[in-house]
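Okay, thanks for making time, everyone.

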Amino acid sequence: LRVPDPAALDRRETGAGAELRDALLRAADDNDVKVIVLAGLAGGTADIVPPEQAAPAARPVYTGVRGIHQVTAYCKKAVIAEVDGDCGPTASALCLAADFAVASTRSTFASPFAVAEASYPLAVLTMRANRAKAWLLRGGAIGAATALEAGFVNRVTEPADLRDAVAGLARRIALMPLDGMTISKMNVGAALDVVGVGREFDAVEAAVAAGGAPW
């Protein structure tokens, strides 16, 4: 799945968010699909529209139970984020929600905590608490090498090798039987709930629905 305009996600555009969310849901329900690759995530903007300032129609698309971040984190198929360039906060949050992230050496990642849907429990599981807390409090962007060292991405390649690296990972994952894939992802979702990932997503939705900032 290629994101045509990642900056539109930072601007909380309803159409861009709904298109990505619906594509994710269709792929997750397709029995011929085992792995979903999110490509084209680089190219976001620092001009973030806070959830409480987004158009009412856009809010459930991003922050809702069926919003793109929660759909990605709890997808019943494996999700790989492919990054080649500069990620804005929303794209970084989607990388955090994905199962795997593969980036080129020229990639950077804005702090996902500039958007409310970036899950701190997910970041702690991915990066360790001290690193996640530092990024939450300091903000800023990190490069591909730092992201790899922190555990935010799984692999870094040269730009020319990125597509082959992602395809190779997808082929390895696709060797798993579909039933095994679904059960494994259900178990991952249950583990995420134990550490509060689902509760945090729900808290964001509730705060935004009440008309307040979720931070």
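So, to start: does R12 count as buried or exposed? At 4% relative accessibility, R12 counts as buried. By buried I mean under 20% relative accessible area, with exposed being over 50% and partly exposed in between, using a 1.4 Å probe and protein chains only.

Quick housekeeping. This is a predicted model, where local features need pLDDT of at least 70, side-chain atom pairs count only at pLDDT 80 or more, and totals for chains, interfaces and linings use all residues. Residues are numbered from 1 along each chain as its sequence is written, and side-chain values use heavy atoms, leaving out hydrogens and water.

Back to R12. You'll find R12 in the loop between helix 1 (6-10) and helix 2 (14-29); helices here are DSSP runs of H or I with at least four residues, strands are E runs of at least two, and both are numbered from the N terminus. The phi of R12 is near 60°, so a positive value in a residue other than glycine. As background, most residues other than glycine have a negative phi.

Now the other arginine. R128 sits in the loop between helix 6 (120-127) and helix 7 (129-138), and its phi is near 80°, again positive in a residue other than glycine. At 46% relative accessibility, though, R128 counts as partly exposed.

Zooming out, the chain has 11 helices and seven strands. Its radius of gyration is 16 Å, close to the 17 Å that the globule rule gives for 215 residues, so the chain is as compact as a globular protein of that length. That radius is taken over C-alpha atoms, and the rule is 2.2 Å times the number of residues to the power 0.38. The C-alpha trace spans about 45 × 35 × 35 Å along its principal axes.

How much of the chain is buried? Buried residues make up 50% of the 215. Among contacts (heavy atoms within 4.5 Å) between residues at least 6 apart in sequence, 72% join residues at least 24 apart.

Last stop, the inside. A nonpolar core here is a set of buried Ala, Val, Leu, Ile, Met, Phe, Trp, Tyr and Cys residues joined through side-chain atoms within 4.5 Å. The largest one has 50 residues, and L20, L41, F109 and F152 touch the most other members. Apart from that core lies another, of 11 residues, including A78, L162, L169 and A170. Leaving aside residues up to four places away in sequence, L20 touches V3, L9, L38, I68 and L94.
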